[in-house]
Amino acid sequence: MLRYATLRFLSLTLSLIVASVVIFAVIEVIPGDPAAFMLGMNASPDTVAALRADLGLEGSVPARYLAWVGGMLTGDFGTSYTYRVPVADLVAERLKVSLPLAAYALALSTLIAMPVGILAAARRGRATDYGIMGATQLGIAVPNFWFAMLLVLVFAINLPWFSAGGFPGWEAGLWPGLKALTLPAIALALPQASILARVLRSALIETLEQDYIRTARAKGLSRGQALRGHALRNALIPVLTILGLQFSFLLAGAIIIENVFFLPGLGRLIFQGITQRDLVVVESVTMLLVFAVIAVTFLVDLAYAAADPRLRRRR
Amino acid sequence: MIEVTDLTLGIHGTPILRDVSFDIRPGEVFGVVGESGSGKSLTALSLMQLLPEGAQTSGRAIFDDIDLLTQSERRMCALRGAEIGMIFQEPMTALNPVQTIGDQVAETLLVHGKAGRAEATQIAAERLARVGLPPEKVPLSRYPHELSGGQRQRVAIAMAIALRPRLLIADEPTTALDVTTQAQILALLKGLVTDEGMSLMLITHDLAVVAGMADRIVVMQAGQIVESGPTARVFQALSHPYTRQLFAASDHQPQRQPHVTDDPHLQMQGAVRDYHLPRRSLFGKAPTFRAVNDVTFTLRRGESLGLVGESGSGKSTLARAVLGLEPLQAGRILLDGAPVRAGDPRMQVVFQDPYGSFNPRHRVARLVAEPFHTMGHPHDADARIAEALTDVGLTPSDADKYIHEFSGGQRQRIAIARALITRPELIVLDEAVSALDVSVRANVLDLLADLQARYGLSYLFITHDLQVVRAITDRVLVMQAGRIVEEGPTERVLSAPEHPYTRDLIAAAPAIPAEWRNHA
Amino acid sequence: MRLPVQLILGGVLAGLFLALALISLVWTPHDVVALSIADRLQAPSARFLLGTDHLGRDILSMIMVGARTSLAVALVAVGIGIVVGVPLGLLAAATRGSLLDEVVMRGNDLVFAFPSLVIAILITAVFGPSAVNAIIAIGIFNIPVFARVTRGAALSLWTLDYILAARVAGKGRARISVEHILPNILNLLIVQGTIQFSLGILAEAALSYVGLGAQPPTPSWGRMLAEAQTMIYTNPWLPVLPGLAIVLTVLGLNLMGDGLRDLLDPRLRRVRA
């Protein structure tokens, strides 16, 4: 187990290092002079030079890369050119919205998908199954941002249950905060729940056809007992993989959904960064997003090993 | 104890079983024999009411005084595992891979409410010890993947007998196991019948297995019982033609006229093949596993040489090395004095699996012609494909068909046609008849003997089955753990084995008693 | 052979939008670039079958050209995924356990860490937004998907006896990959291709919605939605049509994928044979 975890950790750390090189290269090397790029065509050479000094762009490329990585490791993400504040502070502020949103959506998606997927597998080939499969088929096809607009239309404009956007801040209390995140979380969760339910259903159906289910039935377990006691845990192994992959979709989705609801999260920050050519912000936030995906991959790998005893010793 | 009358089964309207009637008495071993597709497994699943969807049964199966075929699902759940236990063929997949063996055995007790958790674990340990897995050697906390096939089958048995059922159904319980493991499992089952007084319904394709185990047997063919009675009487009388055919095929000896020369054809000299195992520590050297350990032998031109061994003995690795597909760490393999290489038209191969041996997207003509690859397609390729197909008892028009249109036995003939196409001198047969039913196997063995005589072929016959060795080889090598432990003329090795391992192998192989064979 | 219902239904839906996209190459009811303030926000009529937007553009024409944008971006992105990913997967499987295999697989892990959106953000930050960005961003993410599917399926084929037989016949790994492996995983690739195609359409819509995809004046479904959103209070029906276009196209492709899987799945076919 420890060996497996160490190997995965090393491999993912390598991925992280390569990812940082890629991001650094795209943002700081390809444009030539980032300072000139950020200021646009009309900037005077003096301002460009000043900004260059400001951003620490004077050194060689490897030295700058090391300084950037070293800074991030110690929590120094650089200073935003437009906001004139440390990017770390900006990110910390925005994470208070984005992280709860992604977690909220993940929880909703899992809570919806599990019973639905199990029900469909248990009622395989019957009307319930066809109904669920049809509904999830539709759920997958709906773009989350469009679904978000429809939710706003119904639950914020026609029925004044929720606000159409904005975030009161957690200072206003837990409930107003959660309420503001509810429609965005539903919009994010439903398409993902559809995918998850379908994966769970097909994984369950596949495990239900395994020999050990027949063995369990020969021991006297009922269909339901065999499903709960044996099929479910085995089916969770492929479901975990999907759950890990879904995190990156949720993260990307959250960035887009924040735009629909005007939520002050990482997504708004990064799009403002792009429009204002604030490369420091773009660079650091993308690195953070990639780090989050890789960290979740690692957690999923660990969960995988915990769920599957065959992995603990092998590899 | 159980009386089945006129059991008839259809699945989605297709008739599977017709008027199957038999009874099993308390404390006896009841054998059900038949080839694949005879309906023997579905008979057992009917009794358990574990049939696939769309199954329709009629008739009666009276167990004590209740009819198993009409019981509610709830009532059947109470019966399964408690009154009737069942084990299956494939021990590698029959256990839940993510649950410990202790929990899986204890579950039988828990699900029937016969014990609390602590007591169930206690009883599970006892039952596992009874089947030969004492907790001090094999802890309850083991997972299935940590056990061998034989050990897993023991766990499956422990699960099935945890509540001391009165009937244990064993569906081909040893077919997937090595012969020495098979003997141990059969002995265990027999011991359980004696000690626990339960009845055993033993389903198998192997006449020799039932001959040594069953008190009474039924023979099934195409969903019907064609013969039944006490084992000795059935074997001695062989009143039904199908039983006679099955019996004759089970130790069929093809007519052979070997023309063995002194000319060394294939020579293996001190061959060593190591595999790297996964590293144990992060930076340590990867440990190696020696699959083939200093093997030396000579196959003479025109000879049929058997190589016999159990799974893991290294015989398949050796076969691939002979074919030039495995690099050697030491030693060499020579064909006509030159190192072997893949793509040599003088040497061809036939594999075990008649289903996985062909690309399903190509027609037979292309499949059979594949060995032409290195020598280039001859101008008379079509004629030679037709000739090869005719040689193996098929027709030239079969060349235009796809492989799924053929039965297992026919596919194996096509595999032989593919091996003949380059007019080779040596054919490696890697378990080439192991997956076939006995009657089909007998026909393929005849074909192989005939082809050898006609074309003066040399055979390297790799198998786990001593019956096959006896039928088709002149000389035999016995392989154990990567080494050749015994070598000699087949007759001599089988009748007077010298190495203890060979003796074990021969002793473990089930056999039909000689006195039952007189009429054959 | 009986075609699955899903395949027919999906084919009709996807075919409809493909037809709209193709027709838009030669003809649209109105010019999608020309603005006409006089005709703004019209309800559906004989002249404007689906009404007009806030700049007086014909919505039907925009949806037709938007279909073209979406389908083209998604199709090219799937193409990138297949052309790069499939050979990588075949190569990795053919050299299983080697350094090459390891590099391909770790490379896959790496790309999986970059969601399409992040790639699009990076490219846009430096080069500015365009439809090409969307293609590259979605295409790059497709590469490891196809590589992984190909490798997984190929690995299980490499253990089969017919591959061994081909090696005995003296065929090399490359030749075996092309002659024996590829044809037998084609079904799987077709199904995966359909899925990636539909995911590509969703991704393109999302990217153009946030302004990282096709730029004005090229109509795209995502941007139609972004523009409609600003008028959601006054014209709540405006976001409905472009959204439905996305849903129906994606639904059609997904149904086709499911239908194809039923039709081509070797496991199902074995039962039938």
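1. Let's start with a pair of side chains in chain B. B:Arg80 and B:Glu73 come together in a salt bridge, with 3.4 Å from N to O. Keep in mind while you look that this is a predicted model. Are the two partners buried or exposed? B:Arg80 has a relative accessible area of 0%, so it counts as buried. B:Glu73 has 35%, so it counts as partly exposed.

2. B:Glu73 turns up again when you look across to chain A. Its side chain also meets that of A:Arg217 in a salt bridge, at 3.1 Å from N to O. Between chain A and chain B the rule finds 2 salt bridges, and the A:Arg217 pair is one of them. There are also 12 residue pairs in polar contact across this interface, counting pairs with both residues at pLDDT 80 or more.

3. Which parts of chain A face chain B? Four helices each supply at least two residues to that side: α1 (2-29), α9 (211-218), α10 (223-261) and α13 (309-313) of chain A. Sorted by class, the side of chain A that touches chain B has 8 nonpolar, 8 polar and 10 charged residues.

4. Now for the extent of that contact. Chain A brings 26 residues to it and chain B brings 30 residues. About 2500 Å² is buried between chain A and chain B, with carbon and sulfur atoms giving 58% of that area.

5. Have a look at B:Gly81 next. This glycine sits in the loop between α2 (73-79) and β6 (84-87) of chain B. What does B:Gly81 touch, leaving aside its neighbours within four places in sequence? From chain A, the contacts are A:Ala218, A:Lys219 and A:Gly220. From chain B, they are B:Thr108, B:His112, B:Ala160 and B:Leu163. B:Gly81 and B:His112 are 31 residues apart along the chain, and 8.3 Å separates their C-alpha atoms. With a relative accessibility of 1%, B:Gly81 counts as buried because the cut-off for buried is under 20%.

6. On to the other interface, between chain C and chain A. Here 39 residues of chain C are in contact with 44 residues of chain A. The two chains bury about 3700 Å² between them, and 80% of it is on carbon and sulfur atoms. In chain C, the residues that lose the most area to chain A are C:Ile121, C:Leu122 and C:Val126, which together make up 14% of what that side buries.

7. The polar side of the C and A interface is worth a look too. There are 2 salt bridges between chain C and chain A, one of them joining C:Asp109 and A:Arg8 at 3.7 Å from N to O. The count of residue pairs in polar contact, both at pLDDT 80 or more, is 5. On the chain C side, the elements giving two or more residues are α3 (99-112), α4 (116-127), α7 (173-209), α8 (221-229) and α9 (240-264). Of these, α9(C) gives the most, with 10 residues. By class, the side of chain C that touches chain A divides into 31 nonpolar, 4 polar and 4 charged residues.

8. Back in chain B, there is an open sheet of 4 strands. Their order is β12-β11-β14-β15, and the pairing is antiparallel. Which strands stand at the edges? They are β12 (288-300) and β15 (338-339), and each has a single partner strand, so one side of each is left without a neighbour in the sheet. Strand β14 (residues 330-335) pairs with β15(B) over 2 bridges, and B:Leu334 stands opposite B:Pro339 in β15(B).

9. B:Asp336 and B:Arg301 meet at 2.6 Å from N to O. This pair links distant parts of the chain: B:Asp336 is in the loop between β14 and β15, B:Arg301 is in the loop between β12 and β13 (304-308), and they are 35 residues apart. B:Asp336 is partly exposed at 31% relative accessible area, and B:Arg301 is partly exposed at 21%. The other pair is B:Arg346 and B:Asp344, at 2.8 Å from N to O. In that pair B:Arg346 is partly exposed at 28%, whereas B:Asp344 is buried at 3%. Over all chains, the count comes to 53 salt bridges.

How values were computed: Residues are numbered from 1 along each chain as its sequence is written. Chains are lettered from A and ligands numbered from 1 in the order in which they are written. This is a predicted model: local features need pLDDT of at least 70, side-chain atom pairs count only at pLDDT 80 or more; totals for chains, interfaces and linings use all residues. Side-chain values use heavy atoms; hydrogens and water are left out. Contact means heavy atoms within 4.5 Å. Buried area is the accessible area (1.4 Å probe) that two parts lose on being put together, summed over both. A salt bridge is a side-chain nitrogen of Lys or Arg within 4 Å of a carboxyl oxygen of Asp or Glu. A polar contact is a pair of N or O atoms within 3.5 Å; within protein, one must be able to donate a hydrogen and the other to accept it, and residues adjacent in sequence count only if both atoms are side-chain atoms. Ala, Val, Leu, Ile, Met, Phe, Trp, Tyr, Cys and Pro count as nonpolar, Asp, Glu, Lys and Arg as charged, and the others, Gly among them, as polar. Buried means under 20% relative accessible area, exposed over 50%, partly exposed in between (1.4 Å probe, protein chains only). Two strands pair if DSSP finds at least two bridges between them.
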